[in-house]
Amino acid sequence: MIEMGSAALLRPESLDEKITLSMSISVLTISVMALILWLTGALQTPKVGPFLDKDPTIFMSFILLAAAILALKASRKVTSLVLSLMVLAIQFSGGSQPLHPQAWTVTSMIIISYSTAVILFSIERYSAAQIISYTAGTVAYALFLSEITGITETEPHFRACITSAAMMVFLAIGLLSTHPSHGVVEPLYSGRIGGYTGRMLIPIVIGSLTLTSFIVISGSSHIPFSADVFLATLNLALLIVIITFTAYKLNVVDYERIKNQRKSQRMWRFFRNVVDNLEEAVAVLDRNGEVLHSNTAMKNLELDLRRLWRENLEGKDLPQPIGTIRSGGRYFTGWAIPLDDGGIISLMDISGLVEVQEDLRSSLREKEALLRELQHRVRNNLQIITSLINIQLQDADGPVKEALLATQTRVRAMTIIQESLYSTDGYSSVHIESCISRMTEHLKSLLGAHGVGFNIRADLRLNLETAMPLCLMVNELVTNAIKHAFPEGKGEVHIEIDEGESGYHMRFADDGIGFSGEGEGTGLKLVRILVEQLEGDLKILVDEEKGGTEILVPFRELQYRERT
């Protein structure tokens, strides 16, 4: 932090930093030059002697004070405190010997006052330090004015050379600029009109008084009346000019303020008109829920805005969505946006969307009713077909009866698929594992294969375009296995359907006597047709040593094709 303060002081940006740096460097430069002149004996010459003090401790004290002021500005409080104590030590033990009243000089007293001010600044007693600096600086300015006008006191203790007086004024200015945001000088450095006016008037007043005093007192012998009267009159005229100039500057500032105020009012009216003509209903509320402003759309609504405030904004830091509310036969929704001193409620008319939503719900209910009716009719038609087959079975025997039974199982498989499709909330997919489980249970019961166990793993959903041929294919494979693979009526069948990177894979395996490969019945022909419909590939593997048959069918999910 100290390094940052030093770097900022070497590259001053603000006004107070520039003043402190320039005043301190001026004092350091003049004091070092004075010490060099003292060491070389040049102070004794008539040309230089009247302008500089003969006591070197004065210039040593000025150097230490300037360094202490720079340390204060750089936030090096310990350094500034040590330097000020060194100044006090020099003054109390140096050539001027201020401990003895007869040896006191006004220069020594001012230096001691500045050292005291530095100590007070170091312990953060800003107001006291600034008052001391201002008082000592005023005395130093009076000494400087006396020297340049030639009106000096006869008592040596109350005189100071012109160079020392000027440096003491510089030190006062530097001290008063070290902490401009604290103490009694804070108003002068503020960014408001008061600070601006003070910073403008002080150098004008000081420069004008110095110049007029010098001119009047130096030329008093040529003035036909009292110099004091003329000086007072001139200062009065100067004061009137300064007041007039200040009034002009204040009028300019006031004009800018009025212009900005009118501009702000125009912008306020513009944005208010924009908000008032919005289709959305907008209201601005204070932190207590009182309405500060509401546009025309919001005024036309019969809403309790305080209730909306309590429900959506009170104690909230983030924007909150407002649920659908009804007012005047219309529906609204929107947002409640919290602000530092209140909040904004914005509502949008969604009556049209609500009507569309209701139409969609009505259409959906109608379609659901049609689907239920379709399901009912499909189930009835399949049941009629099953009943007709049952009637034919009563008079059939031999191959005809077997063909009718196969047809009946296929019809039953289609019935199970339809029931699986309509048993769920959605009508777009079929749960394959539950569908296959129901088919196998039906076939076990129909064909009396109670000794055959089925292990099914097919926990996935497929659309109807794919599920219908897939389940019919499984139905044929299960029927064929029950009839031909287990002569003793016992065995295991594994049905697995998995999803892979390139599509789906079905594996059908039994531990029966194995597929002989002789001939190809109706069931196998139908399986090949269904595999082709699934855009798959049929592979039949037979384990000749252990027996059993494994059928592999890779396939993909078919897309819905629009019917014409």
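Phe270 is found in helix H9, which spans residues 227-276. Helices are DSSP runs of H or I with at least four residues, strands are DSSP runs of E with at least two, and both are numbered from the N terminus. The model is predicted: local features need pLDDT of at least 70, side-chain atom pairs count only at pLDDT 80 or more, and totals for chains, interfaces and linings use all residues. Residues are numbered from 1 along each chain as its sequence is written, and side-chain values use heavy atoms, with hydrogens and water left out.

Phe270 has a relative accessible area of 48% and is therefore partly exposed. Here buried means under 20% relative accessible area, exposed means over 50%, and partly exposed lies in between (1.4 Å probe, protein chains only). Phe271 is also partly exposed, at 46%. Both residues belong to a nonpolar surface patch, together with Met267, Val274 and Leu278. The patch covers about 450 Å². Patches are made of residues with over 30% relative accessible area and no salt bridge; like charges are joined within 9 Å, and nonpolar side chains (Val, Leu, Ile, Met, Phe, Trp, Tyr) within 5 Å. Accessible areas come from the Shrake-Rupley method with a 1.4 Å probe, and for residues only the protein chains shown count as cover.

Aromatic pairs were counted next. A pair of aromatic rings is described by the distance of the centres and the angle of the planes. Rings of Phe, Tyr and Trp (its six-membered ring) pair if their centres lie within 6.5 Å; planes under 30 degrees apart count as stacked, over 60 as edge-to-face and the rest as tilted. By this rule the model holds four aromatic pairs. In one of them, Phe121 and Tyr126 are tilted, with 6.4 Å from centre to centre and 45° between the planes. Phe121 and Tyr126 are both buried. In another, the ring centres of Phe270 and Phe271 are 5.3 Å apart and the planes stand at 70°, so this pair is edge-to-face.

Ser133 sits in helix H6. Its relative accessibility is 0%, so Ser133 counts as buried.

Most residues other than glycine have a negative phi. Ser75, however, has a positive phi near 65°. Ser75 lies in the loop between helix H3 (56-73) and helix H4 (77-93). At 40% relative accessibility, Ser75 is partly exposed. Glu124 likewise has a positive phi near 65°. Its place is in the loop between helix H5 (106-122) and helix H6 (126-149). Glu124 is partly exposed, with a relative accessible area of 44%.

Glu124 also takes part in a salt bridge. Side chains of opposite charge can pair when their charged atoms come close. A salt bridge is a side-chain nitrogen of Lys or Arg within 4 Å of a carboxyl oxygen of Asp or Glu. The count by this rule comes to twelve. Glu124 pairs with Lys77, and their closest N and O atoms are 2.6 Å apart. Glu124 lies in the loop between H5 and H6 and Lys77 in helix H4, so the pair ties together parts that are 47 residues apart in sequence. Lys77 is partly exposed, at 30% relative accessibility.

Arg330 and Asp349 meet through their side chains at 2.6 Å, N to O. Arg330 is partly exposed, at 39% relative accessibility. Asp349 is partly exposed too, at 34%.

Glu496 forms a salt bridge with Arg507, with the closest N and O atoms 3.6 Å apart. Glu496 has a relative accessible area of 21% and is partly exposed. Arg507, at 27%, is partly exposed as well. Salt bridges that share partners join Arg457, Glu496, Asp498, Arg507 and Glu550 into one network.
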